[in-house]
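Student: Hi, could you walk me through this one? I'd like to begin with the strands and then move on to the pockets.

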Amino acid sequence: MKSINLHFKRIGVIDIGSNSARMVIFEQTSEYGFHLICEKKSRVRIGEGAYEHGGVLQEIGINRAFNALKAFKKTLDEFAVDKSICVATSALRDAPNGVQFIRLIESSIGLKIDIISGTQEAYFGAIASVNLLPISNAVTIDIGGGSSELALIENSKVVKTYSLNLGTVRLKELFSDKNSSPQKAKEFILKELSSVPDGFKSALAVAIGGSARALSKAIMRYSNYPLDKLHAFEYELKDYDWFMQKVIAGESLKELFISTDRFDTIKEGILIFDMILKFIGASRVITSGVGLREGIYLDEFLPKENPFFPSIINPSITSILDRFAPNRNDVSFKLQSAKKLYTLLSSYYSLSLDYEQELLYAIQLSAIKENFNIYKSYQHTFYIALNELNYKFTHNQIALVSLILRFGGKNLYKKDIFLTYKDILPSKEQVKLLSFVYTLSNVLYMDDFNAQISFKLKKDKLIISSSSSLYLFKENLMEIEMLEKLKIEVEG
């Protein structure tokens, strides 16, 4: 692993939005490894009452924000962060008394607040999405309390950004609270959308912001979705347009699993979301659990001239191995063997090679189990993977990699856990093959991590030869659940 100078090992980021103030603290573990160590939120509603008073921040919102930021600053000090960044978005951008508020916070609490532009806000959300979601072409939609930000992503690059004066709190105070007709709110949104530059079109929309995330959570619960993970959850708009229309109408929100703390602004948020989706021509939505705060952190963490992870680096894999297998052995020979075995046996069983990458990820993560020299290490490794594989993974990949790690080639058909995730997994035959190759590749290197091992298939026999002794492998061979019709022979 490359040794680097972790100049800013811990960075805290505070985001003061119109609706909520949030704080995160990230810790760097290696050149490309980092993880979240603290997260706090306060529903400050700093923009409450402002939009009907020319944007002027009202005392009730100022007081809530002051108390929240005071608590956040205490947490930053307790975690001994090396650097803290505090930004404010729409509410303070619009506020004639925003500068007075900033001075109050700096003099009384010691936090320096930077007001960022709407295009900066859109850029940070897009940088987080490109780096931490499995996407290459999309439009990000970040709906806040006072504004909504768009970013066009093409070929994994942020091409354009734009900010709209459309937000949940803004719409609520300008229309809903005044009992205006829904049509007036729609006309307001359409007028704002008419200013969007050409090119903001995509079949895939990235949902950022509280309202869109709340919608995704509700859809997951409504559909009994098997994986309890919001980040990278996807759905087709044609399947849930009716769901969105019910939310916009405020119908049966509880029965639709909308969180009660979203009842006051969810209708406005989803109305904005729905109209933007139609405007950009989206047919599919992927949910982002990351946004402005992660983008600001990555802007510090990654090189300024090229703020993207290298294609060969997966930030989740790096972070997991840094934390749970810091003293790991080299797995390069295991990876080579796994690829050879998967190619050979996929052909033998007439199965596709579509899941090679997931197999190789599982091989990389096998070091976790080796560092957990404890009872039920397979189970512990499974839970770590299921919960910590977040960035740059689809849900199908997360489930598959975790299951490969869990089964280790044993009793696949008897495990109820397979049934839990079967809707987002490939066939049992494919999972059984992957699990077998994973197990065999690991057991083969019990004698020597640097062994040169070769394979050949002769009818129904897998013949294995090695440059080193395979004594321990042969001892443990009987413990591996074999594939149908396949025998193993060790040469030498």
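Tutor: Two strands pair if DSSP finds at least two bridges between them, and strands (E, at least two residues) and helices (H or I, at least four) are DSSP runs numbered from the N terminus. With that in hand, β2 and β3 pair in the antiparallel sense over 8 bridges. Please keep in mind that this is a predicted model, where local features need pLDDT of at least 70 and side-chain atom pairs count only at pLDDT 80 or more, while totals for chains, interfaces and linings use all residues. Residues are numbered from 1 along each chain as its sequence is written, and side-chain values use heavy atoms, with hydrogens and water left out.

Student: OK, and how many residues sit between β2 and β3 in the hairpin?

Tutor: There are 5 residues between β2 and β3. Within this pairing, Gln 28 stands opposite Phe 34 in β3.

Student: Now the pockets. How much space lies in the largest pocket?

Tutor: About 970 Å³. On a 1 Å grid over the protein atoms alone, a pocket is an open set of points where a 1.4 Å probe fits, with protein on both sides within 12 Å along at least five of seven lines, and lining residues have an atom within 4 Å of a point. Grid points are joined across faces, edges and corners, and the volume is the space filled by probe spheres set on the points.

Student: Which residues lie nearest its centre?

Tutor: Of the 36 residues that line the largest pocket, Glu 39, Lys 217, Leu 230, His 231 and Gly 289 lie nearest its centre. β2 (21–28) and β3 (34–42) are among the elements that each supply at least two residues of this lining, but the largest share, 6 residues, comes from α7.

Student: What classes do those lining residues divide into?

Tutor: The lining has 14 nonpolar, 8 polar and 14 charged residues, where Ala, Val, Leu, Ile, Met, Phe, Trp, Tyr, Cys and Pro count as nonpolar, Asp, Glu, Lys and Arg as charged, and the others, Gly among them, as polar.

Student: And what about the second largest pocket?

Tutor: About 710 Å³ of space lies in the second largest pocket. Its lining has 26 residues, and Pro 310, Ile 312, Ile 313, Asn 314 and Thr 318 are the closest to its centre. The largest share of that lining, 4 residues, comes from α11.
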